Amino acid sequence: MADRVPFVDAGFTDHVRALARPRELRRAEDPLREGSRLTCGQALAIFRSQVESRHVDLGARNLKKGGLAFYTIGSSGHEGNAAVAAALRPSDPALLHYRSGAFFLERARQLGRDDGMYAMLLGIVASSDEPIAGGRHKVFGHAEMAIPPQTSTIASHLPKAVGMAFGLGRAARLGLATSCPSDALIAVSFGDASVNHSTAQGALNAAAWAAHQGQAVPVLFVCEDNGIGISVPTPEGWVRAGNGARAGIEYLAVDGLDLDATYGAAEALASYVRRERRPAFLHVRTVRLMGHAGSDIETVYRTLDAIEDTEALDPLRVGATLLVESGAATPEQLLEIYESARARVADLGRLASTRPKLTSATEVMRPIAPRDDAAIAKAAAALAAEPERRHFWGDKLPEELRPAGFAQHVNWALGDLLAGNPKLFVFGEDVAKKGGVYGVTRELSRRARRGRVFDTLLDEQTILGLAIGFGQLGLLPAPEIQYLAYLHNAEDQLRGEASSLQFFSNGQFQNPMVVRIAGYGYQKGFGGHFHNDNSVAVLRDIPGVVIASPARGDDAAALLRTCVAAAKTAGSVCVFLEPIALYGERDLHDKGDGAWAAPYEPASESAHAPIGKGRLWRDGEHLTLVSWANGLWMSLRVAERLEREHGVRCRVFDLRWLAPLPIDELHEHASHTGKVLVVDETRRTGGVSEGILTALVDRGFVGKMRRVTSEDCFIPLGDAANLVLLQEQTIQSAALELARS
Ligand SMILES: Cc1ncc(C[n+]2csc(CCOP(=O)(O)OP(=O)(O)O)c2C)c(N)n1
Ligand SMILES: [Mg+2]
């Protein structure tokens, strides 16, 4: 009794056999029933997609029994979503729930493809032939069907759906072409339990926030409500209570068991979204058949009676009744559709299970972050033409102004990039009018065309979701996270979503971005932990993500241009970590020496800083100091003192990139002196020095290695911060000891 598959299967055929033949058959072009927007022929086609989806579910369970399949979460009971697909244009990007199989097949059918079921089965058996993820996961996705793949993290795709919708509106306003038609809408489906996730709530709120201000956000939220999330029932009426009257988001509920009504509602709401460019919420009632997944024993948490009652609501049974009663088909025809789909799935499943799998780590990893350094160098050297730059900057170009600190260089580089890349967008909290809390983006919104530098609402998850959405559209987002500490409440958008898209789409979808994050410590007692966060561990282990962390303005400009070029040419997800403490710093050793201010060098081949290439700041033969960002500035000061006071000459090497680390150079500089001290302003545990020392060991470095770090601690307010942040004195003592050892 625990395995409900035979009951659901036989339940359908018994039901159809018992249906009375229609008195007369209607023609394909006749309306399905009075007032229907669907013709009989269209309804039958949708039904066929629904049946095919069902049989893929049944087929997956059979393959699993034979040890051939790896995924049994199905779409059974949710097949009403085929009618939603039918009501959309196949060019409307669709970010799908893991139960939207019938949607996927209906869209394939709309596009005249007959490989939808095979694609799903290839996914289920994890074959490298599978057209979207290439065996890396079972996802609904297809590059030619405007269906980007989604992760299993529920609700995490809603922010990017809003991002795509918002980006589409913004691009239309600016006359920019994107990867989808300018009158497209973005469809995003999800479950009823998922609506409760803060990620979903944040996305709904963001869509409403933008719509409230009259900004275009053509997104259709589709909640496939089966009343349960694994074993936890959604309270009766809860989805409607929370979304039925949300300011700014139109709402319509429909019985997803009725394909005709579902099509009508979806069509009405989609037309509204498309025409008004406003968000809407389609609440589709579904049921869940055969448990959460193949491994789920539903009887543990539901009574058999309740399960059987649900099975009686099978949308295929309801659909069959509708089609037969309205004269669109005979029961025999429907049974024929059903059995031929079963046979086809069996054949395709057998075929799929013989297809190749991924066989090497290299093959698995190939799509993670492909980059072409020559193309990046070329793109990074590109500079807007002189008249455009003059137009952007006014009287004086940045290189005609006096040398400046880090923040000013980022501002200049961003300005040049905005002037030279019409698709580049800069956004975040307070970045526009105020120009950022530290003035890094000052004046950029005034100088760039309206709408290219804009303030977002206060939600880091939305900021990163916007970035993904913009990136997927082919735009070039450069979002700002105001402080590193505030990345952490949103980082899944970066870790789980943005960074995995190329992997799960086998390189067919990209979400390029350059996320600027102000961070690190040493803010002279200001702000406590949340403005001095020095933990970057959460970024460093993300496969493929590029992390730039320069120390001086000239490098900041060069590295930022490289990141934008990598995003543009290779779809890279780049994080640009800015040391707040050095934003305005002009001096290095002595007050007024101006050694930390640099003249602006506009983009050119000679100003290019390749990814993963560090910078040697100082030569010396006794000891190598390795650092970056604030640590580099401190290391240079310490090196100067060590030479002056103790005759110890240090090499000082700036990593500049925390991912990928410049390992060859690191090894070379360490080997040159045979002694290396890693100066790490991040934490002792999980800090960057762990990776640096390990890289040296892996490389076979046999000299002496030491590290100095900040403490494993949150940063306290006031001067107490310096008790746990790495100090110059500590660096100096360790360096001296190592040099003398
Ligand atoms: C963020 C996150 N937490 C937990 C899970 C595990 N999980 C997978 S599906 C699911 C229930 C989702 O229910 P619902 O949104 O109603 O979708 P349904 O499966 O009913 O269609 C849970 C808890 C997950 N995938 N993602
Ligand atoms: Mg549910």
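Which polar backbone atom is 2.8 Å from a nitrogen atom of ligand 1? Select Ser152: a polar backbone atom there sits 2.8 Å from that ligand nitrogen. This is a polar contact (a pair of N or O atoms within 3.5 Å; within protein, one must be able to donate a hydrogen and the other to accept it, and residues adjacent in sequence count only if both atoms are side-chain atoms).

Before moving on, some ground rules. This is a predicted model, where local features need pLDDT of at least 70, side-chain atom pairs count only at pLDDT 80 or more, and totals for chains, interfaces and linings use all residues. Residues are numbered from 1 along each chain as its sequence is written, chains are lettered from A and ligands numbered from 1 in the order written, and side-chain values use heavy atoms, without hydrogens and water.

**Stop 1: ligand 1**

Stay on the ligand and show Ser194. An N or O atom in its side chain is 2.5 Å from an oxygen atom of ligand 1. Next, show Asp192. A polar side-chain atom of Asp192 lies 2.9 Å from an oxygen atom of the ligand. The protein covers 73% of the 580 Å² of accessible area that ligand 1 has on its own (Shrake-Rupley method, 1.4 Å probe).

Now select the whole shell, meaning residues with a heavy atom within 4 Å. There are 17 residues around ligand 1, and His97, Tyr98, Ser152, Ser194 and Ile228 come nearest.

**Stop 2: helices H2 and H5**

Select residues 40-65 for H2 and 116-124 for H5. Helices here are DSSP runs (H or I, at least four residues), and strands (E) have at least two, numbered from the N terminus. The two axes come within 10 Å and cross at roughly 25 degrees. H2 and H5 are therefore roughly parallel to each other (angles under 35 degrees).

**Stop 3: backbone details**

Go to Ala146, in the loop between H5 and helix H6 (158-174). Its phi is near 55 degrees, a positive value in a residue other than glycine.

Jump to Ala629, in helix H23 (residues 629-646). Phi of Ala629 is near 50 degrees, also positive.

Finish at Pro660, in the loop between strand E17 (657-659) and helix H24 (663-673). A cis peptide bond joins Ala659 to Pro660, with omega about -10 degrees.

Methods. Axes are lines fitted to C-alpha atoms, for helices over the stretch in contact, and angles run from 0 to 180 degrees between N-to-C directions. Angles under 35 degrees count as roughly parallel, over 145 as roughly antiparallel, 65 to 115 as roughly perpendicular and the rest as oblique.
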